Amino acid sequence: MTESPATRTPSAAEIKRWRRYLADERAEASVYGELASRRTGEERAILLGLVDAERRHEAHWIQLLGEHANDPTRTALRTRLLAFLARRFGSVFVLALMQRTESRSPYEADVDATDAMAADERLHEEIVRGLAARGRNSMSGMFRAAVFGANDGLVSNLALVLGMAATGVGNGVVLAAGMAGLLAGALSMGAGEFVSVRSQRELLESTAPDPAARSVLPQLDVDANELQLVYRVRGMAPQQAAEHAREVLNGLDCAHVNINTGSIPAQKNEHEEIGSARGAAVSSFLFFASGAIIPVLPYLFGLSGLAAVAVASVLVGIALLMTGAVVGVLSGASPLKRALRQLGIGYGAAAVTYLLGLIFGTTVA
């Protein structure tokens, strides 16, 4: 019969593992506590509930460790970093990182963790996913424009610079082409984002109910009216729509009737996810320019030839890895995989352009 951990002397390996769990539970409780201090209402209550759950897990490891619980143990670097970010920023980035942390809990495979603790950690992932989703929705429009702008600036201007350099033209021509590509691309991105987002918002607004339509409700026939059709097109079942329309016309104040009743989501949420046209345009312009300037930097500092090409490629590669990792973090996916994917796509496009530049330069010569 196997002894319970509480009734036998734990091994050194068990003590080490339990201490690590204890330190991580304390750190995660601290992260959620820091985030809760920057929230109000329902989100604050949810985060404090996560703090309570982590404290329960902490108590479990304290009980198993006994006298060994007071020995100091360093928390995992990742968890310490999350605590630091939560104290300084308290942003959606921390929630996205915590989502991945919760998803990698070792408790399901550890015999010393209870089934309830393993279940808690699985649900914590879903809770944090939901909290992070709120932040992701509010920033999705701006974030899309920023990521797209930065990535486009990095890849397109690197391709332009490498293509020009491969033809064998002078350093000044490459620099001029790179700066022209930066300005033209940034202005084009900004204008394009403004028009596309503005057009999308206008399209959605055209489908929103007209508040003035309720002014005609008193003139409708109670037994044969079109109000029920309004409710049906907004998502109600025919019988339910007819009953609700009759109730409205028989006794409610028409000035306060909401004709947008039904299962269709409110337009406000859709507009929030799109973001503002001006914000998207500014983000696209700035992030495209910030990405497009990187391939030009070696030429601004006087490098030329293969040295400039190599430095530009390395700088852009680092930037692509960083933007890919950020996308991975915010999407709750693997930052490494997203970073490598971004790098591969960017380098692939630049390599094709460089090869075409070599061919074109050889042909001209």
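Is Y107 buried or exposed, and what is its relative accessible area? In this predicted model, Y107 has a relative accessible area of 4% and is therefore buried, the cut-off for that class being under 20%.

Aromatic contacts were examined next. A pair of aromatic rings is described by the distance of the centres and the angle of the planes. With ring centres required to lie within 6.5 Å, three aromatic pairs are counted. One of them joins Y21 and W61, whose ring centres are 4.9 Å apart; the planes meet at 50°, so this pair is classed as tilted. The two partners come from distant parts of the chain, 40 residues apart: Y21 belongs to helix 1 (residues 12-37), whereas W61 belongs to helix 2 (residues 41-65). Both side chains can also be placed by accessibility. Y21 counts as buried at 7% relative accessibility, and W61 is likewise buried, its relative accessible area being 0%.

W61 also pairs with Y107. The centre-to-centre distance is 5.6 Å and the angle between the planes is 50°, a tilted arrangement. Y107 is located in the loop between helix 4 (92-103) and helix 5 (115-166), while W61 lies in helix 2, so this contact ties together parts of the chain that are 46 residues apart in sequence.

Taken together, Y21, W61 and Y107 form one aromatic cluster.

Definitions and conventions. Residues numbered from 1 in each chain as written. Predicted model: local features only at pLDDT ≥ 70, side-chain atom pairs only at ≥ 80, totals over all residues. Heavy atoms only, no water. Phe/Tyr/Trp six-rings, centres within 6.5 Å; stacked < 30°, edge-to-face > 60°. Helix = DSSP H or I, 4+ residues; strand = E, 2+ residues; numbered from the N terminus. Buried < 20%, exposed > 50% of the residue type's maximum accessible area, 1.4 Å probe, protein only.
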